[in-house]
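New notebook page. I want to go through this one slowly and jot down whatever I look up.

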Amino acid sequence: MKFFEILFILVVFIGCSSHSVKIYNRSDRFIDIEVSKEDFYLFCADIDKKESKSIMSFYAIEDNVVHEFLFRSISKTDWCLKLQKKYRKLTQDVSRIRLIGIDPSQKKKNTLKTDPVPERFKVYSYMKNWVFIRLETERGCKAYFDTGCDPEKYWGGLFPQK
Amino acid sequence: MTNKKQHPWRKCPIGEHWVREHERKIGVSEKNLDGVTIVEAHCRKNPSHHEIFVADELHEIAKKYFKNVKTMPKADKLGYPHGNDFDELIGGWTQFWNDIFNPKEPLDPNLIKVLIASESSFDVNISANSTIGKARGLIQVTEQTRKILTDQDGELKDFLITLSKKEFYDPNLNLAAGIRWLFHKQYLASHRLKREATWMEAIAEYKGILSQLGKVKRSDEIMQKLKERYKRLSTK
């Protein structure tokens, strides 16, 4: 019985850990957040069929808030979809995803109800919008700017750079 | 409508452009044993009749005239360590292009400052890939834009800027070109809207989202942040 008790505790602990949020760093203008795969999503949002434009966007759930990280600029949809593929490759077969963003909006009502995102992202009351800096997983790092994964660019422009 | 009188800050008269001092290869002779002569900087007639700017002249203009610019952006870093580093360049090039194009509503240098914050977070050496080629420097001028700014047979009627890819990382050159490009975007936005576009609409056109405003929430979100920052800089 003791073995099964220990096993049960371990399973619960691992289950909780994989869903837990880790905040590496946070200020009123910066967030470095890691979430489980289940609490993460990315896609080319706002696909405009007429002008063939869309914007790369990323989502992470923390408590009852959905953090939305947006690219600084819109792009052609086929370009965005290529990027989407590259970012999804980084998040394949990993359990944790880390996102860095700056310059948030005020916390506001969740507006994802009409978006093609998994249902679990629609149920939370609030969302907060950030400027996307980079995404990291155990498979690598990819950023908006070419040098965005360099350690000296960690703060995304908010702190003195070398 | 452009103001086709020669701008007092320009080195050359209308119809001519500045050629920097450079070396020219000539035959080896007693006078030129190494076969190279120095051509002094001069104004060269421009057969295309476009006004053309090159790096040397843009640097000369900034060096000579920007310390006494009339309207500077507000000295507010917007939370970025380098937020005030380019105020003189922003003020100078905004005044220059306002003088050239003489818009009904002059471009406010504060708008350029918030655009830089949005595009690059004031990082001079930054680049990003985009659908229309690499975007470089403070105002993230794309490769496609760089080519258009140089193209004497292209969509710009006048006031071309000829710069290399590397030169776009220079903040002075980047802003000279980027602000000139913004004036073109204002012209395009006005055409699209069939009325004089506001500068905020010109910025939306610069970001490729003018047609989405009021319809696409994430585009509105991007512009909302810009407007909030602009409001902050506009408040005394």
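**Entry 1: a pair in chain B**

I started with Glu16(B), which is buried at a relative accessible area of 16%. The model is a predicted one, so I keep that in mind for everything below. Glu16(B) forms a salt bridge with Lys45(B), and their closest N and O atoms are 3.5 Å apart. I checked where the two sit: Glu16(B) is in strand β1 (residues 16-19) and Lys45(B) in strand β4 (residues 42-45) of chain B, so I noted a link between distant parts of the chain, 29 residues apart. Is Lys45(B) buried or exposed? Lys45(B) counts as exposed, because its relative accessibility is 63% and the cut-off for exposed is over 50%.

**Entry 2: helix α4 of chain B**

Next I looked at another salt bridge, the one between Arg146(B) and Glu143(B), with 2.9 Å between the closest N and O atoms. Both residues belong to helix α4 of chain B and are 3 residues apart, about one turn of the helix. I looked up how covered they are. Arg146(B) is buried, at 15% relative accessible area, and Glu143(B) counts as buried too, at 10%.

Which residues of α4(B) (residues 143-150) are buried? My list reads Glu143(B), Thr145(B), Arg146(B), Ile148(B) and Leu149(B). What covers them includes β7 (135-136), β8 (141-142), β9 (160-162) and α5 (171-193) of chain B.

**Entry 3: helix α2 of chain B**

I moved on to α2(B), residues 87-101. This helix has 15 residues and spans 21 Å from its first C-alpha to its last, close to the 21 Å expected at 1.5 Å a residue. Mostly α2(B) is covered, as 13 of its 15 residues are buried. After α2(B) comes Asn102(B), and I noted that its phi is positive, near 50°.

Asp99(B) lies in helix α2 of chain B. I found Asp99(B) partly exposed, with 27% relative accessible area. I also checked Asp99(B) against Glu201(B): they are 102 residues apart in sequence and 21 Å apart in space, C-alpha to C-alpha.

**Entry 4: chain A on its own**

Time for the other chain. Chain A has 2 helices and 10 strands. Reading from the N terminus, I wrote its elements down as α-β-β-β-β-β-β-α-β-β-β-β. Its C-alpha atoms fill a box of roughly 65 × 40 × 30 Å along the principal axes. Of the 162 residues in chain A, 49% count as buried. I looked at contacts in chain A between residues at least 6 apart in sequence, and 63% of these join residues at least 24 apart.

Asp39(A) is buried, at 5% relative accessible area, whereas Arg120(A) is partly exposed, at 32%.

**Entry 5: where B meets A**

Last, I looked at the contact between the chains. How many residues does each chain put in? I got 33 from chain B and 41 from chain A. The buried area between them is about 2,700 Å², and carbon and sulfur atoms give 43% of that. Thr131(B), Arg218(B) and Lys225(B) supply 24% of the area that chain B buries against chain A, more than any other three residues.

I counted 21 residue pairs in polar contact between chain B and chain A, both residues at pLDDT 80 or more. On the side of chain B that touches chain A, α3 (109-120), β6 (127-128) and α7 (217-234) each supply at least two residues. α7(B) gives the most, with 7 residues. By class, this side has 9 nonpolar, 14 polar and 10 charged residues.

Between chain B and chain A I also found 8 salt bridges. Arg229(B) and Asp103(A) meet in a salt bridge through their side chains, at 2.4 Å from N to O.

Notes: Residues numbered from 1 in each chain as written. Chains lettered and ligands numbered in written order. Predicted model: local features only at pLDDT ≥ 70, side-chain atom pairs only at ≥ 80, totals over all residues. Heavy atoms only, no water. Helix = DSSP H or I, 4+ residues; strand = E, 2+ residues; numbered from the N terminus. Expected span 1.5 Å × (residues − 1). Buried < 20%, exposed > 50% of the residue type's maximum accessible area, 1.4 Å probe, protein only. Contact = heavy atoms within 4.5 Å. Buried area = accessible area lost by both parts, 1.4 Å probe. Salt bridge = Lys/Arg side-chain N within 4 Å of Asp/Glu carboxyl O. Polar contact = N/O pair within 3.5 Å; in protein donor to acceptor, adjacent residues only side chain to side chain. Nonpolar A, V, L, I, M, F, W, Y, C, P; charged D, E, K, R; others polar.
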